[in-house]
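Please read this report with the sequence and the model open side by side.

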Amino acid sequence: MAALARPILYPLVFLGGLECALLGLNPSFYIDDSPEFVTVAATLGVAHPPGYPLYMLLGRILACLSLPVCFSVNFLSAFFAALICLLLFDLLNREYQMPVFLSLAIAFLWLGGLSAYPSALSAKRGIYELAGLFELALIVLLLKGRLGPAAFLYGLSLGGHWMTMAVYGPGLALLGFLVFRKGKGDKRVLTQVGAFFLLGSSVYLYLPLRAVLEPAINWGYPARLNLFLDHLTRHMVKGRDYTGDAGQWVEALGSYAQLALAEFKGLGLLALAGLFLEWKKNRERFWGPALSWAGLIAGVSVFSHFSGKRLPLLEDYSVSAWPLLALFTGLGLWGILGFWKKGNAVIALGPVLFVLSLMGLGSRVAQNGQTHYTADYDYVLNSWKPLPKGAFFFCEGDQLQFPAWYFQWVEGKRRDLCIMGSAFSMDWNRIRMAKDHPGVKVPAANHGQGGVYDFSPLFPVMIDNNPGRRFYFSFPPKQEGLSDLRVTPLGLAQEAARAPLEPSFDGVDNDNFWRGARMRHLGYRPSSYDLRTWNTVLEDYGAKRLSSALYEMNRAVTCEAASKPNEAAEWYRRSLGDLSPLRDWDPAGYESVFDQGGTGKPLPPGLTADVAFHRNALIAMAIAHFHLGDMEEARRWIQLATGELPGGADVLFYAGLVAFQGGNYPEAQKWLQKALGLDPNQAQAAHLLQYMSRKPESLL
């Protein structure tokens, strides 16, 4: 019966998985390396180390279709996800002899996983979907004794994410050896395995062959042997990924265990039973997949440096192992159901479990679909909106630099802007800037003359060599050692000038920007953007608007010092105009929404909103109302700052000041003493306490 059903079910399983991914497919790019991958695929360039040549070639094929480029490259991830569904079903049903409906249930359970489904919706995480697809395909080939094709496929798989496939390698090699030893392999194939492997891995020749043609993105310029090896081995990012700190190993291992448990809402615990039962039943078949999975766990948990804000990368790297988690979860479930001794009853449960898995997948589509995901796309265009023609824009973070490449080299937008990222001063980027902006003086590259690949600071040189240019920053210039620059806010950017020059502040332009900024993402359901997006893009709107408000407050303080109360009050009102929208962008309010898929559990480290930003916004609201004489509103905001969040000495001082102005002297004394306890040098708190001590005791 199952054998007859397979020819019909195979296309249905594939198309069903593909349709579910398409229902949530991202129309733009996610807040990670996706815009870089889309741009590299569209321009046939060289991506960041180790280059991912296979993925880029496949992406290029789809980018040539008469469809939007972002959609086409994102579609590749959905395609891989659908193939994984198909292979999981085939492996469970054909090799492990599980009933059809139970095999279908596990295949779609995998697609509905907490991180597996979002990975099928955007470009960058398709790399890990591809690694998971190769892992399953290699298991299928090795179990059939097809060592030659398996060697070719393994070599080809290195053209995706070779680090992941390398940690899978020992398990796959052991499985191939055990299968061969049992007589399923042809001994003549052994002489062909090396040749097949080299043929597959030759996809890496793409890097030097393409690099010499100098495409738009030519990361590492791997045209010479030393640069090629540096690129392949990730030598240029050496020290960023690995650590010898055992405490971080334990932290990452614990985080991985949490991710594995949450992936299928706890059902992944059945994988332990599946591992045990498979070890008892077929140890040759057990060791290969089990050792592969153990290799990945060791790679991401023991050797990789994932802590703090880098913990989300652990989720990305783990995606390729979730098909193995689903495989052993299915085996565990099938084994446990087998203890019932009632075969017909067990088989009858298959359709029920299949329907439940489809319901779970439908819920995941509704919760985590990215059909309205335009956060990073609009964020970058908003950042550029107030910049004049020919300006220099110094930015920080992949969420600004990577989309800049896409907009300028794929969509052809704002080619006049000279965009420079703080981490992208590499030679290839200098060559590209010199070509795109002939009138700009860019430092020469060194690698072309046999020199060391250059990572030297770029921003100060560009500013010094190009006088007369207007330049803007997306971050405080002091971070780049440019402490002599003075800045004024302008939308999501800051115009800078060297002292004694002072960049002018145009309040009208600033107001017009905030009124006209395109923020479509704030109008859709929260599931259209997750915590990683909030912490890296959406929160930045609030932070930049807060920066604008604080600048206006400083102007108000200056006016007060110059005995200009009317002008000071106007600046305070302007600052309130910038602060008021922050009530709608409150990071703490979003924490209750983004609770890891509706589980209600605490957020993991690295995925919480910026408490410091939130507290500063609340303090600023209180200060503005205080100076405008609205003590009731000032008291309300300061109570929020002190009651909901851990406060510093500055928060406690303003809490005391507001209480003092409101006539609540015991309350004021309490806050001021707490402020001095945290910071004995808080002169304002000490001065106010001294003043209060001279008053009659009745006041205290």
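This is a predicted model: local features need pLDDT of at least 70, side-chain atom pairs count only at pLDDT 80 or more; totals for chains, interfaces and linings use all residues.

Residues are numbered from 1 along each chain as its sequence is written, and side-chain values use heavy atoms, with hydrogens and water left out.

## Nonpolar cores

A nonpolar core is a set of buried Ala, Val, Leu, Ile, Met, Phe, Trp, Tyr and Cys residues joined through side-chain atoms within 4.5 Å, and buried means under 20% relative accessible area, exposed over 50%, and partly exposed in between (1.4 Å probe, protein chains only). The largest core holds 148 residues, of which Tyr55, Trp110, Tyr256, Trp293, Trp384 and Phe393 touch the most other members. Its largest share, 16 residues, is supplied by helix 4 (residues 69–95); helices (H or I, at least four residues) and strands (E, at least two) are DSSP runs numbered from the N terminus. A second, separate core has 40 residues, among them Met553, Trp571, Leu576 and Ala685. In soluble globular proteins, nonpolar side chains tend to be buried together.

Leaving aside neighbours within four places in sequence, phenylalanine 393 has contacts (heavy atoms within 4.5 Å) that include Trp384, Leu400, Cys418, Tyr472 and Ala493. Cysteine 418 counts as buried because its relative accessibility is 1%, and cysteine 395 is buried at 0%. With a disulfide taken as a pair of cysteine sulfur atoms within 2.5 Å, the count comes to 0 disulfides.

## An enclosed helix

Helix 2 (residues 34–43) is largely enclosed by the rest of the structure, because 10 of its 10 residues are buried. These residues pack against helix 3 (53–63), helix 4, helix 7, helix 11 (206–211) and helix 20 (398–411). Just after helix 2, leucine 44 takes a positive phi of about 55°.

## Salt bridges

Side chains of opposite charge can pair when their charged atoms come close. Under the rule that a side-chain nitrogen of Lys or Arg lies within 4 Å of a carboxyl oxygen of Asp or Glu, the count comes to 14 salt bridges. Three of these pairs are set out here.

| Salt bridge | N to O distance |
|---|---|
| Arginine 285 and glutamate 95 | 3.4 Å |
| Aspartate 316 and arginine 125 | 2.9 Å |
| Arginine 470 and glutamate 495 | 3.0 Å |

Because arginine 285 lies in helix 15 and glutamate 95 in helix 4, this pair ties together parts that are 190 residues apart in sequence. Arginine 285 is buried at 7% relative accessibility, while glutamate 95 is partly exposed at 28%. Aspartate 316 is buried at 1%, as is arginine 125 at 4%, and both belong to a network of salt bridges that links Lys124, Arg125, Glu315 and Asp316. In the remaining row, arginine 470 counts as partly exposed at 43%, whereas glutamate 495 counts as buried at 11%.

## Two single residues

Serine 292 lies in helix 15 (residues 283–303) and is buried, with 0% relative accessibility. A polar contact of 3.3 Å joins its side chain to that of glutamate 135, the term covering a pair of N or O atoms within 3.5 Å; within protein, one must be able to donate a hydrogen and the other to accept it, and residues adjacent in sequence count only if both atoms are side-chain atoms. Arginine 146, by comparison, is found in the loop between helix 7 (126–143) and helix 8 (147–157) and is partly exposed at 45%.
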